[in-house]
Amino acid sequence: MNFAPPGKLAVLFPGMGAVATTTIAGVMLARRGLGAPIGSFAEYGVVDDGVRGGGSSTTKTRDLVPLAGLDQLVFGGWDIFEDDALAAARHADVLTEKHLDLVAPELAAVRPMKAVFYPEYVKRLHGTWVKEGATKADMVEQLRQDIRTFIKEQGADRAVAVWTGSTETYIEPTAVHATVKSFEKGLLANDPAISAAQLYAWACLKERVPYANGSPNLGVEFPAAQELAHDLGVAIAGKDFKTGQTLMKTVIAPGLRARNLGVRGWYSTNILGNRDGEVLDDPESFKSKEVSKLGVLDSIFEPENAPDLYGNMAHKVRIDYYPPRGDQKEGWDNIDFFGWLGYNMQMKIDLLCRDSILAAPIVLDLALFLDLAQRSGQTGTQEWLSFYFKSPMHDGAGRPVHDLFAQLDRMKATLRSLSRVRALASAAE
Ligand SMILES: NC(=O)c1ccc[n+]([C@@H]2O[C@H](COP(=O)([O-])OP(=O)(O)OC[C@H]3O[C@@H](n4cnc5c(N)ncnc54)[C@H](O)[C@@H]3O)[C@@H](O)[C@H]2O)c1
């Protein structure tokens, strides 16, 4: 096995809007020492030696496992608008001109390839920079060719992809998603249950490009994609970046559970005004997000184990598109909880965050860790990357883990074990 990160790593984004351009610009700034990649576990995390009971030593993530360096990353992707990454970043209005000016020519050189887009899955957008193809199978072939051309032109050694495209309408996996065979048949027959997001995932898997799904729609979390990832030895992860409100939920809920405090209700609402918010204003796209956000609490509270505390909990999530806020989301949570003898209490959280500022370090970590996983021979669903997702993918039976600290423990354990594999491999050389 080759553990040294060789050559350039191409990072591909299907969807080059606010999150993708904030990530790209941030990496460009960071590698010149003009900005700090705050929030990234790869850059700032430390991993202890896993020995409980104190006295443990810690190692910085980059000293523990061989990750691609920021200066080895090259960026590309697809979008339904022709804007280069500089124009798209300006449109997204997340980073100020002060930051964008410093990397303007480099950002402007990142130009999206033509997208695969079917408006029925994202009803609020009307793209013009799109491919033509008679069948969805044709579209996959065009995307595969794009990947090969990009890697060649950039002189990259390998690639990873992170879906940062808009949230598509809610799709339940159907028979077409069951096996590689049924999916490939569906591609030829233009099956309506196969959306654009799935085509990008399929093309990447076929090219053995590790793939993460940052949005809540069905992207790579279906049996056929899992089968293909397994057969071709590709690392996959998803879905829906865990950034603002859900991040806080998975910090606070484990605390209430640990203290055996009951919860009668948890009401969450958000306002945001970016393009993501506009897309989510369509009820069918919101449904994808709602399902992803609602799954979190049950797995932490396990109401079946403590029905008196959590058996009748009301959980409601809302998102409202409110243009004046742009990317600067505000999320409110009202938690009705109760304690000794059933006495009621309340907690109110008002989170004023910046969506893409919280998402960018997640994207960077996913790109670096998926590449690490693939180079280490860890393929298929990467459950240890659950830390980054609202609806973590998992292959086995049972429930995914949502508790942020349990997820962090799992991620650190995997990084430790990957470092041991590396140590064994270099000892054997
Ligand atoms: N920012 C966060 O905190 C956060 C958290 C969780 C999930 N997400 C998800 O990340 C994704 C990106 O968010 P964003 O704020 O950057 O949104 P955005 O609207 O700024 O960017 C999405 C981009 O995808 C493009 N697009 C849509 N369909 C496409 C297709 N078929 N092919 C190629 N490009 C396509 C759009 O033109 C747009 O430029 C969304 O799905 C969002 O739900 C974001």
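**The sheet and its surroundings**

Modeller: Seven strands make up an open sheet, paired in parallel and ordered β5-β4-β1-β6-β7-β8-β13. Its edges are β5 (113-114) and β13 (380-381); each has a single partner strand, so one side of each lacks a neighbour in the sheet. Strands (E, at least two residues) and helices (H or I, at least four residues) are DSSP runs numbered from the N terminus, and two strands count as paired if DSSP finds at least two bridges between them. This is a predicted model, in which local features need pLDDT of at least 70 and side-chain atom pairs count only at pLDDT 80 or more, while totals for chains, interfaces and linings use all residues. Residue numbers start from 1 along each chain as its sequence is written.

Within this sheet, β1 (residues 8-14) is joined to β6 (residues 156-163) by 5 bridges in the parallel sense. Leu 12 faces Ala 161 of β6 across this pairing. Helix α9 (residues 196-206) packs on the sheet, where it touches β1, β6 and β7 (211-213), and its direction makes about 160° with that of β7. Contact here requires that C-beta atoms, placed from the backbone, lie within 7 Å. Helix α15 (residues 355-375) lies across β1, β6, β7 and β8 (235-238) and runs at about 130° to β6. Such angles run from 0 to 180 degrees between N-to-C directions, with axes fitted to C-alpha atoms, for helices over the stretch in contact.

Helix α9 also packs against α10 (residues 223-232), at an angle of about 15° and with the axes 10 Å apart. The two helices are therefore roughly parallel (under 35 degrees; over 145 is roughly antiparallel, 65 to 115 roughly perpendicular, and the rest oblique). The crossing of α9 past α10 is left-handed, that is, the near helix is turned anticlockwise from the far one by less than a right angle, clockwise being right-handed. On the α9 side, Ala 201, Trp 202 and Leu 205 meet Ala 225, Leu 228, Ala 229 and Leu 232 of α10. This contact holds 7 nonpolar residues, no polar and no charged ones. Nonpolar means Ala, Val, Leu, Ile, Met, Phe, Trp, Tyr, Cys or Pro; charged means Asp, Glu, Lys or Arg; the others, Gly among them, are polar.

A further open sheet has 4 strands in the order β10-β9-β11-β12, with mixed pairing. At its edges, β10 (314-321) and β12 (344-352) each pair on one side only. Neighbouring strands here are turned by 10° against each other on average, direction ignored. Strand β11 (residues 330-338) pairs with β12 in the antiparallel sense over 9 bridges, and β9 (residues 262-272) pairs with β11, also antiparallel, over 9 bridges. Asp 336 of β11 stands opposite Gly 265 and opposite Gln 346 in β12, while Gly 331 has Leu 351 as its bridge partner in β12. Strands β11 and β12 form a hairpin with 5 residues between them, and Leu 341 in the turn has a positive phi of about 65°.

As for the chain as a whole, domain 1 covers 8-241 + 356-428 and domain 2 covers 245-352, with bounds from an automatic or database domain assignment. Their C-alpha centres lie 26 Å apart. Domain 1 gives 27 residues to the contact, and domain 2 gives 26. The side of domain 1 that touches domain 2 has 11 nonpolar, 8 polar and 8 charged residues.

Methods. Two residues are in contact if their C-beta atoms, placed from the backbone, lie within 7 Å.
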